[in-house]
Amino acid sequence: MSSPYPRYSWPEGRSSAFAFSVDVDAESPYLWGLPEGTPPLLGQMEQRLFGPRTGIWRLLDLLNRYGIKGSFFVPGLVAQNHPALLPAIAEAGHEIGLHGYFHEIVADTPTAEFVRALDASLALFKAQAGVVPRGFRSPAWEMTPEMLAELAARGLYDSSLMGFDHPYTIDGVTEVPVQWAVDDAIYFKFTGGGADRWHPAAQNGVLDAWLDEWTVLAREGGLLMLTVHDWISGRAGRIRMLERLLDAITATPGVWLATVGEIAAHHAASPNREHFVTRSQPPLPSAPRRFKAGH
Ligand SMILES: [Zn+2]
């Protein structure tokens, strides 16, 4: 048995790809989830503000030391509250992408509000740093066909879904996929107060899992899309873990180290775009019906 799909082709004879993406959430998801008129709690806010104050700068320094250009997906509110961030990220040559305005969660956000958030972020990023983002990453990685249509209308790529572990095209939009297994938040996000049931994972176990993921993806010709957060992976021990991960990835023969935008552009201009195509419409198969009594 072999896969009906060909091997994904990377540029200039490269055999696999790695992208370092940062979702610069800082305080935005917490504020989005707060009931209207409720003052934010200091413990949550201070822990998250560690990101813009320290974490993001450590991540920028890490990328600079390894000579890697990253992709930073920034909610509009975070750019608005911390106006030094976008210019610093852009000046270092990294990509800046969209990540909602208030870190809107898809299930709670009508399409009209999604569109307002998209256009308000585009205007703010242009005004703050002269940046015109080419891509979008959905907060909490959920999407709808209507949202995809809005991205298509603006010529934006998406990086929120995980239907392959290399780029593909869905509803005409270039998708550069993410993956939960290589997202720092599911292992390390811990905010106390009973909100998280387990203590954060130990770094070495996670590093082992990520190295295993990379070993097979490099062999299979896939993309490792690492996703970290300013306020989570900017902590000291996790920076050391990322150094060890990057030591292994940058030493792999044939790896293409690229921004998410560069990977999206490669996909859209290559024969891959004919081979890896999906559609959300007509609707995906409906939920299975229960067998009725008597059948
Ligand atoms: Zn986020």
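# Getting to know this predicted model

Trainee: Where is the place of tyrosine 5?

Mentor: Welcome! We are looking at a predicted model. Tyrosine 5 has its place in the segment before strand S1 (16-23).

Trainee: Is tyrosine 5 buried, exposed or partly exposed?

Mentor: The relative accessible area of tyrosine 5 is 38%. Buried would need under 20% and exposed over 50%. Tyrosine 5 falls in between, so the word for it is partly exposed.

Trainee: Which residues is tyrosine 5 in contact with, leaving aside neighbours within four places in sequence?

Mentor: Ring pairs link Tyr5 into a cluster with Tyr8, Trp10, Phe164, Tyr168, Trp256 and Phe276. Tryptophan 32, 27 residues apart from tyrosine 5 in sequence, is 40 Å apart from it in space, C-alpha to C-alpha. With neighbours within four places left aside, the contacts of tyrosine 5 are Phe164, His275 and Phe276.

Trainee: What kind of aromatic pair do tyrosine 8 and tryptophan 10 form?

Mentor: Both tyrosine 8 and tryptophan 10 are buried. Their rings lie 4.6 Å apart, centre to centre, with 50° between the planes. Under 30 degrees would count as stacked and over 60 as edge-to-face. The angle therefore makes this pair tilted.

Trainee: How many residues apart in sequence are the parts tied together by phenylalanine 114 and phenylalanine 136?

Mentor: Phenylalanine 114 and phenylalanine 136 form an edge-to-face pair, 5.3 Å centre to centre with 80° between the planes. Phenylalanine 114 is buried at 7% relative accessible area, and phenylalanine 136 is buried at 1%. Phenylalanine 114 belongs to helix H5 (residues 111-129) and phenylalanine 136 to strand S4 (residues 135-136), so the parts their pair ties together are apart in sequence by 22 residues.

Trainee: Which residues are the protein donors of the zinc ion?

Mentor: The donor atoms lie 2.1 to 2.3 Å from the zinc ion. In sequence, the donor residues follow the spacing D-x73-H-x3-H. Histidine 99 is buried at 1% relative accessible area, and histidine 103 is buried at 6%. The donors are Asp25 (OD), Asp25 (OD), His99 (NE2) and His103 (NE2).

Trainee: Which residues have the most contacts inside the largest nonpolar core?

Mentor: This core has 78 residues. Phenylalanine 20, one of those with the most contacts inside it, is in contact with residues including Leu59, Leu226 and Leu242.

Trainee: What distance separates the C-alpha atoms of arginine 219 and serine 16?

Mentor: Arginine 219 lies in helix H8 (residues 203-220) and is exposed at 56% relative accessibility. Along the chain, arginine 219 and serine 16 are 203 residues apart. The distance between their C-alpha atoms is 7.7 Å.

Terms used:
Residues numbered from 1 in each chain as written. Predicted model: local features only at pLDDT ≥ 70, side-chain atom pairs only at ≥ 80, totals over all residues. Heavy atoms only, no water. Donors = N, O, S within 2.8 Å, 3.2 Å for Na, K, Ca; no water. Buried < 20%, exposed > 50% of the residue type's maximum accessible area, 1.4 Å probe, protein only. Phe/Tyr/Trp six-rings, centres within 6.5 Å; stacked < 30°, edge-to-face > 60°. Helix = DSSP H or I, 4+ residues; strand = E, 2+ residues; numbered from the N terminus. Core = buried A, V, L, I, M, F, W, Y, C linked by side-chain atoms within 4.5 Å. Contact = heavy atoms within 4.5 Å.
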